[in-house]
Amino acid sequence: MSAWERELDEAARELDGADTLAFGGVGLAGQVLPATEAYRRLEQGLREHPEAARKRVDKLLRKGSPAGRAYAATLLEAVDPAAGRDAWARLRDDDGEFTTFSGCLMGRATLGEYAADRLAGGEQ
């Protein structure tokens, strides 16, 4: 297995167990969470190794934690908007919860609420 494949696997494992959704730094210090770093690695993987990364994203979308599935749907939406919308539509009834961060603001959401917001045109 190559180094980039191991890196994609590690990123997918990190997101698989994620309980927090954050796309940038969080808190007053702007700390970047491990899940955010993993999201960025998979995002890069989709550009550099699209087929291999897409397999990991698809699996994460099916079997990940609620936050992991939200990360996966966001990644999918970026590379295939139609597939991303389909993913959000499938997640709309999911009541799994996770923590959200937008800068210093922390919140809680269900995956279904988050998916409905994304389908309505909400931003990350």
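Leaving aside its neighbours within four places in sequence, which residues is Y71 in contact with? The close-ups below come from a predicted model, and the first one takes up that question.

**View 1. Y71 and the residues around it.** Setting aside neighbours within four places in sequence, Y71 is in contact with L15, A18, T20, L21, A22, F23, A35, T36 and Y39. Y71 itself is one of the buried residues of helix 4. It also turns up among the residues with the most contacts inside the largest nonpolar core, alongside L15, L42 and W88.

**View 2. The largest nonpolar core.** This core has 35 residues. Two or more residues come from each of helix 1, helix 2 (34-48), helix 3 (50-63), helix 4, helix 5 (81-91) and helix 6 (111-119). Helix 4 gives the most, with seven residues. If you're wondering about the general pattern, nonpolar side chains in soluble globular proteins tend to be buried together.

**View 3. Helix 4 from end to end.** Helix 4 covers residues 66-79, which makes 14 residues. From its first C-alpha to its last it reaches 20 Å, close to the 20 Å expected at 1.5 Å a residue. It's mostly covered, too: 11 of its 14 residues are buried. The buried ones are P66, A67, G68, R69, A70, Y71, A72, A73, T74, L75 and L76.

View 4. Look for D16 in helix 1 (residues 3-16). Its relative accessibility is 37%, so D16 counts as partly exposed. Beyond its neighbours within four places in sequence, D16 is in contact with L60, K63, G64 and S65. D16 and P66 are 50 residues apart in sequence, yet their C-alpha atoms are 8.7 Å apart in space.

**View 5. S65, in the loop between helix 3 and helix 4.** S65 sits in that loop. Is S65 buried or exposed? With a relative accessibility of 14%, S65 counts as buried, because the cut-off is under 20%. Leaving out neighbours within four places in sequence, S65 is in contact with L15, D16, G17 and A18.

View 6. Three strands line up in the order 1-2-3, with mixed pairing. The edge strands are strand 1 (20-21) and strand 3 (105-110), and each pairs on one side only. Helix 6 packs on this sheet and touches strand 1, strand 2 and strand 3. The direction of helix 6 makes about 100° with that of strand 3.

**View 7. Strand 1 beside strand 2.** Strand 1 and strand 2 (residues 97-102) run parallel and are joined by two bridges. Pick out L21 here: its bridge partner in strand 2 is T100.

Note on methods:
Residues are numbered from 1 along each chain as its sequence is written. This is a predicted model: local features need pLDDT of at least 70, side-chain atom pairs count only at pLDDT 80 or more; totals for chains, interfaces and linings use all residues. Side-chain values use heavy atoms; hydrogens and water are left out. Helices (H or I, at least four residues) and strands (E, at least two) are DSSP runs, numbered from the N terminus. Buried means under 20% relative accessible area, exposed over 50%, partly exposed in between (1.4 Å probe, protein chains only). Contact means heavy atoms within 4.5 Å. The expected span of a helix is 1.5 Å times one less than its number of residues. A nonpolar core is a set of buried Ala, Val, Leu, Ile, Met, Phe, Trp, Tyr and Cys residues joined through side-chain atoms within 4.5 Å. Two strands pair if DSSP finds at least two bridges between them. Axes are lines fitted to C-alpha atoms, for helices over the stretch in contact, and angles run from 0 to 180 degrees between N-to-C directions.
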